[in-house]
Amino acid sequence: THIKKVKPHKSGN
Amino acid sequence: MQLRRFKDIIAIKNDTGVVLNDTITAFHASNLEVAEIDQETFDKMTEISVFTGEIPKDKIDLESSAFNALAEWNSELNPDAKSGKMEFGIRSITLNVNQICNLKCAYCAAGGDGTYGTPTTQISVEKTLPQLKYFLSSVKPGQTFAISFVGGEPLLHPKAIKAINAYVITESSKYQIKPKFKIVTNGTLIKDETLEILRSMNVDLTISFDGTKEANDIARPSKDGSSTTEKILIGLAQLQKNRGQISSINFSAITSTTNTNVFENYIYLKSLNPDSIEFVFANDEKDPAVQQKHIEGLNKILAHAWTAGGEKELRKIKSVDHYFYMLDNQQKTENFCGAGKNYLMVDAKNKLYSCVWDANLKEESVGSNEQLDHEKLSKLSKSLIELNNCNTCWARFLCGGGCMHINRSHNGDKHKKSILFCERTRSLILQVLMYYKLARAANP
C-alpha cells in the first residue's frame, strides 16, 4: 500500500 | 519542493504549487516507472539537491514495511523497459542549405551571423544528391530517414530544398524507406514563390520565434533594421489560411540574457496557435540568474497549460510531449543525440560533422561527400550516458547523457558535464514526472 505505480498508456516527436 | 532519493528511486513532494497537489511522486530511474508513494516511504529516503546525480547514503530500516517496499521496488527489473542502445547507422541528417542569413541574432551559435565563420551561398545540389544516395543505400527497408534543412537561413534557397526533397522521396521509395523532412527557419521569408514551395512539401516546419514582438525583435534583429516579428506574422497568416502539405507548424523560443520573460512569451506565442512550442535555453548562456528565470517561467507555463487543457495542452510543449511518450512506451534514452551513431551534420560545402554545432571546426570533421572517417566516429560509439559519466544520475534514461556541445562550450571538454544543463534538465523532468503521475493516475 506504500507504493502505487501508475499505468503507462502504451499507444512523440 | 522536497526531493529525495533511495538508490535508483527518487521522490518529489510539491509543497508550494497550487496546481500540483501535495501527493508524492516517485520515479524508478532504470525501470522508467512512475508511482505515488506515501509519507512513510518518503521518510525512508534521503534528501538530495537537483544539482547532484550522485546516490546518497541509505537510511536502512529493515523493520519498516515502507523501507522494505522501497528496497523491493528498487531491485525489481521491469521487462517492459526497452534499451536505448544505438548501433551505428546514419538515419538522420541536418543539412546546411547555405551559411548566410538575413538576421543577426544576439545569441547565434552559427558564428554570430549564420555563417559559422565561412559565408557560403547555396549548397551544391549536384554534390548533395549522390551524398544522400550513399546514406540512403545503407538504411534498412521500413526504417525512417530524417532530414532537417537548416542554415544559415534555409528559405533563402527554397528551390534547393525542393530539389533535395523530391530526390529523397523518389530514392526512398526504391528502398522502402520512410523519409521525414523538417525545416528550421527564421520565418521572415515565407511569401511569394517560397510560400508556394513550402506548401508543396510534407514537412514539419519550425519557426525560431522567441516571444513577444519586443523580445523577439531585440533578440533576433534583421540586418536591414526591419521588424523580424512583423515579417513572421505576415508569413504565418498565409500559412494558417492554407498550409498545403505542411504537416506541422512549430515554434522554438530561446531564453537568453535579453529575453527572460518566458511565461509572457508563452502566452503570446500560444495565441498564434502553433502545433507545438519548444522553450530552449541559449547554449552558451552561463548566468545562473537567467537560468533561474527560465526554470521558473517554464514551471509557470506547465501549470498554466495543465489548468487550461490538461494533458493535451501540456503536450503542446514539445519536450513535455517527448518525455510523456518515453514514459508511456518505457523507452530508455541512452543518447541525448545521435552524434557519431545515427546522426550527421552536412555543412554547405558537404563536409560531415557529428554535431550541428561543429560546422567549420576542422578538427571535428568526420568526413566529406561520401567518405566517412570511421576511426573518428568510433570515439563516440559508447552511449553518451557512459561517455559523459552519467551512470548514477536518476535522470539519465530520460535525458540520455546531455549535450557535448554545451559541455565543450562551458567546460572546454565535450565529456565534462555542464552543471547548468543538468540542473535545468532535471528540473523540467521533475515537473513532467509530477504531471505524468496526475495524468495517468486520473485515467488508469
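Okay, let's start with a term: pLDDT is the predictor's confidence in each residue, on a scale from 0 to 100. We need that because what you see above is a predicted model. In chain B, the strand with the lowest mean pLDDT among the elements is β15, residues 371-372, at 86. At the other end, strand β3, residues 24-28, has the highest, at 97. For chain B as a whole the mean is 93, and 98% of its residues reach 70 or more. Keep in mind that where pLDDT is low, the predicted coordinates should not be read in detail.

Now, the overall look of chain B. We have 15 helices and 15 strands here. Buried residues account for 45% of the 444. And take the contacts in chain B between residues at least 6 apart in sequence: 68% of those join residues at least 24 apart.

Let's zoom in on β6, residues 92-96 of chain B. This strand runs parallel to β7, residues 144-150, with five bridges joining them. B:Ile93 stands opposite B:Ile147 there. β6(B) also pairs with β12(B), residues 343-346, again in the parallel sense, over four bridges. On that side, B:Leu95 faces B:Val346. As for β7(B), five of its seven residues are buried, so the rest of the structure largely encloses this strand.

Okay, where do the two chains meet? The contact takes 25 residues from chain B and 11 from chain A. On the chain B side, the elements giving two or more residues are β4 (33-37), α1 (39-42), α2 (65-75), α10 (318-328) and α15 (419-442). α10(B) gives the most, with six residues. By class, that side has 11 nonpolar, five polar and nine charged residues.

Strand β1 of chain A, residues 3-5, runs antiparallel to β4(B), and three bridges join them. One detail to look for: the bridge partner of A:Lys5 in β4(B) is B:Ala35.

Which of its residues are buried? B:Ala66, B:Phe67, B:Leu70 and B:Trp73 are. Looking down the helix axis, the buried residues of α2(B) fall within an arc of 130°, so they line one face. Here's the background: an α-helix has 3.6 residues a turn, so residues three or four places apart point the same way. On the other side of α2(B), B:Ser65, B:Glu72 and B:Ser75 are exposed. And the cover over the buried ones includes β1 of chain A, plus β1 (2-6), β2 (9-13), β3 and α1 of chain B.

Last stop is B:Lys318, in helix α10 of chain B. Why does B:Lys318 count as partly exposed? Because B:Lys318 has 18 C-beta neighbours inside 10 Å, and being buried takes 20 or more, while exposed means 12 or fewer. Also, the C-alpha atoms of B:Lys318 and B:Asn250 are separated by 9.0 Å, though these residues are 68 apart along the chain.

Conventions: Residues numbered from 1 in each chain as written. Chains lettered and ligands numbered in written order. Predicted model: local features only at pLDDT ≥ 70, side-chain atom pairs only at ≥ 80, totals over all residues. Contact = placed C-beta atoms within 7 Å. Nonpolar A, V, L, I, M, F, W, Y, C, P; charged D, E, K, R; others polar. Pairing = 2+ DSSP bridges. Arc of directions from axis to C-beta.
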